[in-house]
Amino acid sequence: GRQQRAPLAAAVMGKHSKNNNERAFFSHAERQAAKYGRHSSGLLGGHNTAGGNFVDTGWGSHKRTLDSDAMKDLDACSLTLVPCVDPVITPKGVVYDKQVIYQYILDRKAEIERELRAWTAQQEAEAAGAASEAARAADQRVEEFVARQEGLSKSDLASRRPSDPSSSGGAVGALMGRTLVEDTGKHAADTSFWVPQLTPQSKSLLDKPDGVVRCPITNEPLKLKQLYPLSFTRADESLTSAETLAKPRNERYICPLSKKALSNTNPAAFLRPSGTVVSVSCVDSIIKKDMVDPFTDPPTRLKEKDIIPLRVEGTGFAAKTDEKALKVTKTDVMGF
């Protein structure tokens with residue numbers, strides 16, 4: 001007899017592509033969390049906990065999270081991104097290796113000289129071209145005046161001048177002495193634009209170069225006399241400089257007052273009279289009370305400009321980073 005086909009099993013609803021559940025729709029809470037991105041329901045302050053808010057701890061918070069490997073070390077050169085052998089600091093708190101920044105300044109000065117010579121040559125060429133054009137216009141006015149005195153018409157005056165295809169509107173294309181095309185019409189510039197003498201030319205004009213060497217990080221003027229040497233306190237005084245640089249980032253240097261490791265999470269400040277680097281917390285709690293540098297003999301009175309915070313790259317969380325201090329103005333590409 002005819003076999004009866006078994007009924008199909010009910011389709012099993014698969015998991016939603018963006019949710020770890022079997023529902024085919026977004027709940028209100030999931031829509032609110034998805035609006036902000038990163039999944040954080042299991043984190044403290046997530047949307048499944050009391051008092052959670054979606055703006056700070058949604059599925060993609062506005063606070064960007066980066067790996068600490070993406071951050072420059074506190075004692076690293078801002079150009080080479082490796083720990084400094086002979087560190088110096090600018091008034092804005094940018095740390096450089098002395099040899100690297102000196103070479104950068106020399107290279108940048110040489111580049112500025114080259115740019116200035118090219119710009120000067122361009123200005124001279126423009127002045128010579130303007131003078132030549134003025135002389136040609138003066139000669140043309142003299143010829144027209146003489147022609148009027150002699151009673152000549154414009155056509156007679158034009159016949160006296162040497163023929164120039166480019167000035168008369170004609171176009172002549174030649175290859176290896178053979179004329180390929182000859183267009184003497186007044187619209188030759190439009191119909192025969194591919195002829196060499198009618199090819200449009202674009203002039204690349206140079207702007208006047210900035211004669212000031214600027215910091216590649218902050219775009220502020222960079223001067224040798226404003227590069228102050230840094231004096232870090234080693235965590236282990238028995239190690240050599242090379243051995244200290246080989247240590248992990250949080251084990252190289254410490255604050256001489258608190259004896260805590262200096263890092264992006266424990267930022268530091270520079271005392272200009274002694275060149276010593278101490279933690280910002282010690283500056284706030286100890287140094288600023290008397291405004292005295294305790295590392296000089298005798299202690300030196302400090303001014304606000306003598307305390308320079310080191311530029312902190314970040315800790316991996318935007319909330320720990322001063323975004324205003326990291327904002328860089330537009331600069332031209334500079335060779336190094």
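Beyond its neighbours within four places in sequence, Gln 122 is in contact with Ser 204, Leu 205 and Leu 206. Gln 122 sits in helix 3, which covers residues 98-150. Its relative accessibility is 13%, so Gln 122 counts as buried; the cut-off for a buried residue is under 20%. These values come from a predicted model.

The protein chain contains 9 helices and 12 strands. Of its 336 residues, 30% are buried. The accessible surface of the chain comes to about 23000 Å². Carbon and sulfur atoms account for 54% of that surface. Contacts between residues at least 6 apart in sequence were also examined, and 45% of them join residues at least 24 apart.

The average pLDDT is 74, and 60% of the residues score at least 70. Among the elements, strand 1 (residues 87-89) has the highest mean pLDDT, at 95. Helix 9 (residues 323-326) has the lowest, at 44. Over residues 323-336 the pLDDT is below 50. This stretch has 20 contacts in the model beyond near neighbours in sequence. Residues 60-64 also stay under 50. For residues 60-64, the model has 14 contacts beyond four places in sequence.

Strand 1 and strand 5 run antiparallel and are joined by 2 bridges. Across this pair, Val 88 stands opposite Pro 229 of strand 5.

In general, strands of a sheet pair through backbone hydrogen bonds, either parallel or antiparallel.

Strand 8 and strand 9 pair over 4 bridges in the antiparallel sense. Ala 268 has Ser 279 of strand 9 as its bridge partner. Ala 269 stands opposite Val 278, also in strand 9. The two strands form a hairpin, with 4 residues between them. Gly 275 lies in the turn and has a positive phi of about 80 degrees. Which residues of strand 9 point one way, and which the other way? Thr 276 and Val 278 point one way, whereas Val 277 and Ser 279 point the other. All four are buried.

Within helix 8 (residues 280-290), Cys 282, Val 283 and Ile 287 are buried. Why do the buried residues line one face of the helix? Seen down the axis of helix 8, they fall within an arc of 95 degrees, so they line one face. An α-helix has 3.6 residues a turn, so residues three or four places apart point the same way. The buried residues of helix 8 pack against strand 8 (268-271), strand 9 (276-279), strand 10 (292-293) and strand 12 (307-309). Met 291 follows helix 8, and its phi is positive, near 50 degrees.

Met 291 is also in contact with Glu 304. Glu 304 is found in the loop between strand 11 (300-301) and strand 12. Is Glu 304 buried or exposed? Its relative accessibility is 54%, so Glu 304 counts as exposed; the cut-off for an exposed residue is over 50%. Leaving aside neighbours within four places in sequence, Glu 304 is in contact with Lys 288 as well as Met 291. Glu 304 and Leu 271 are 33 residues apart along the chain, and their C-alpha atoms are separated by 10.0 Å.

How values were computed:
Residues are numbered from 1 along each chain as its sequence is written. This is a predicted model: local features need pLDDT of at least 70, side-chain atom pairs count only at pLDDT 80 or more; totals for chains, interfaces and linings use all residues. Side-chain values use heavy atoms; hydrogens and water are left out. Buried means under 20% relative accessible area, exposed over 50%, partly exposed in between (1.4 Å probe, protein chains only). Contact means heavy atoms within 4.5 Å. Accessible areas come from the Shrake-Rupley method with a 1.4 Å probe; for residues, only the protein chains shown count as cover. pLDDT is the predictor's confidence in each residue, from 0 to 100. The arc is that of the directions from the helix axis to the C-beta atoms. Two strands pair if DSSP finds at least two bridges between them.
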